[in-house]
Amino acid sequence: MAQNTPVEMFRHASTISIVWGVLLIVFGVMAVGSPFLAAVAVSVVVAWLIVLAGVVHLMLAFRVHGAGSMIWKVLVGIAYLCFGGYLLFHPVLGVASLTLLLGLMIYMQWPSSSAWAIGTLVGISMIFSGVARVMMSLAVRKATDTVSSLAA
């Protein structure tokens, strides 16, 4: 079925948004239920982002003008690659180091808090994001129903 009216387009987009919101809620509950596993998953994602940043630095190193800039970008890129690779092979260490970035309250209970803090915080964030997305999408869907009933 072709989406030819704005109301149908909004309705389809709100359906996708509701599904995404429900998935966020489910994954958030799973993260809160298993915070250490969620923390390790977050650590691995951060490690991959650091590796990606290292690759980008290395690629940009050959586009800069001047030997000093190039050497600096190559060194930073290699450092990012090494650090990201190390975190990929030692994700529990990554969990511990990321937990230290969360502040004094968590630091006072470290290292025991590294088993729950990141996973719990990410899970709660996902739950709130999912609920907000579902509520917003339901409001859009209600508004499109009102518009379509007024147009009919």
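Biologist: How much accessible surface does the protein have, and what percentage of it belongs to carbon and sulfur atoms?

Modeller: The accessible surface comes to about 9900 Å², and 79% of it belongs to carbon and sulfur atoms. Those areas come from the Shrake-Rupley method with a 1.4 Å probe, and for residues only the protein chains shown count as cover. Keep in mind that this is a predicted model, where local features need pLDDT of at least 70 and side-chain atom pairs count only at pLDDT 80 or more, while totals for chains, interfaces and linings use all residues. Residues are numbered from 1 along each chain as its sequence is written, and side-chain values use heavy atoms, with hydrogens and water left out.

Biologist: What is the radius of gyration, and what would a compact globule have?

Modeller: The protein has 22 Å, whereas a compact globule of 152 residues would be near 15 Å. The radius is taken over C-alpha atoms, and the globule rule is 2.2 Å times the number of residues to the power 0.38. The C-alpha trace spans about 65 × 45 × 25 Å along its principal axes.

Biologist: What share of the residues is buried?

Modeller: Of the 152 residues, 28% count as buried. Buried means under 20% relative accessible area, exposed means over 50%, and partly exposed is in between (1.4 Å probe, protein chains only).

Biologist: Which residues of H4 are buried?

Modeller: In helix H4 (residues 91–100) they are Gly 94, Val 95, Ala 96, Leu 98 and Thr 99. Their cover includes H2, helix H3 (67–89), H5 and H6. Take Ala 96: its relative accessibility is 14%, which is why Ala 96 counts as buried. Leaving aside neighbours within four places in sequence, Ala 96 is in contact with Trp 110 and Ser 114, where contact means heavy atoms within 4.5 Å.

Biologist: New topic: which residues does Ile 50 touch, again skipping neighbours within four places in sequence?

Modeller: Ile 50, which lies in helix H2, is in contact with Tyr 80, Phe 83, Gly 84 and Leu 87. Ile 50 and Gly 84 are 34 residues apart in sequence, and their C-alpha atoms are 5.1 Å apart in space. Across the protein, residues 24 or more positions apart account for 66% of the contacts with a separation of 6 or more.

Biologist: And how much space lies in the largest pocket?

Modeller: About 230 Å³. On a 1 Å grid over the protein atoms alone, a pocket is an open set of points where a 1.4 Å probe fits, with protein on both sides within 12 Å along at least five of seven lines, and lining residues have an atom within 4 Å of a point. Grid points are joined across faces, edges and corners, and the volume is the space filled by probe spheres set on the points.

Biologist: Which helix gives the largest share of the lining?

Modeller: H2, with five residues. Helix H1 (6–33), helix H2 (35–61) and helix H6 (117–151) each supply at least two. The lining residues include Phe 27, Ser 34, Val 45 and Met 126.

Biologist: How do the lining residues divide into nonpolar, polar and charged?

Modeller: Ten are nonpolar, one is polar and none is charged. Here Ala, Val, Leu, Ile, Met, Phe, Trp, Tyr, Cys and Pro count as nonpolar, Asp, Glu, Lys and Arg as charged, and the others, Gly among them, as polar.

Biologist: Where is Ser 34?

Modeller: Ser 34 sits in the loop between H1 and H2, and is partly exposed because its relative accessible area is 30%.

Key: Helices (H or I, at least four residues) and strands (E, at least two) are DSSP runs, numbered from the N terminus.
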